[in-house]
Amino acid sequence: PLERQSPQVPGPMSSPAAVGGNLPSGTGICTTIPDILYLPELIFGGLVWILVACTLVVPQNPQGWVMFVSVFCFVMTFIWMVAFACGAHHHRGGWATADLLYHALAALFYLSASVSLAKVTLDLRNGSSFRNYQLDISAVVFSYVSTLLYCIHAILSAIRWKS
């Protein structure tokens with residue numbers, strides 16, 4: 001008869017919690033994909049918030065949207081990360097769906113904010129101080145990095161949700 005091979009033990013990045021339906025809790029959120037993206041999302045989102053707050057821009061409306069998105073996503077991502085770390089998702093179902101929806105919404109918000117911020121920055125390249133222009137350029141770069149992180153998180157959450 002055929003002999004069965006012993007299964008290989010997966011590493012922390014390929015555990016069922018990383019791509020399967022099981023959502024991690026505690027320190028598991030620091031070792032599984034997509035949950036490991038919480039910290040970079042917080043860091044880059046916080047940088048966008050700080051950099052936009054440091055500049056004075058005449059058309060405040062697009063900057064107001066950027067500030068709303070960066071503050072909203074920073075606070076919600078922090079709350080979401082703490083909820084996962086505390087294991088709140090073990091008490092009721094639907095967390096995988098909510099995780100997917102939140103990160104897809106955050107990616108969409110950040111994309112719209114990034115485009116608005118880039119447009120304002122390009123329009124003001126000759127009309128603002130060099131320091132403000134540098135801060136705006138940095139904010140644009142970090143905003144697009146945040147957009148990319150939330151998109152990746154949403155895609156990986158969709159994979160986890162589907163399985």
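Colleague: In what order do the elements of the chain run from the N terminus on?

Modeller: Helices (H or I, at least four residues) and strands (E, at least two) are DSSP runs, numbered from the N terminus. Here the order is α-α-α-α-α, with five helices and zero strands in the chain. Keep in mind that this is a predicted model, where local features need pLDDT of at least 70, side-chain atom pairs count only at pLDDT 80 or more, and totals for chains, interfaces and linings use all residues. Residues are numbered from 1 along each chain as its sequence is written, and side-chain values use heavy atoms, leaving out hydrogens and water.

Colleague: Which residues does UniProt list for "transmembrane region"?

Modeller: UniProt positions are in the numbering used here, feature names are shortened, and annotations may be inferred rather than shown by experiment. The unreviewed entry lists 42-59, 65-88, 100-117 and 137-159. In the model, residues 100-117 are 100% helix, with end C-alpha atoms 25 Å apart. Residues 137-159 are 100% helix too, and there the end C-alpha atoms are 33 Å apart.

Colleague: How much of the chain counts as buried?

Modeller: Buried means under 20% relative accessible area, exposed over 50%, partly exposed in between (1.4 Å probe, protein chains only). Of the 163 residues, 40% count as buried.

Colleague: Is Val75 buried or partly exposed?

Modeller: Val75 sits in helix α3 (residues 60-86), and is called partly exposed because its relative accessible area is 37%.

Colleague: And what share of contacts joins residues at least 24 apart?

Modeller: Contact means heavy atoms within 4.5 Å. Among contacts between residues at least 6 apart in sequence, that share is 75%.
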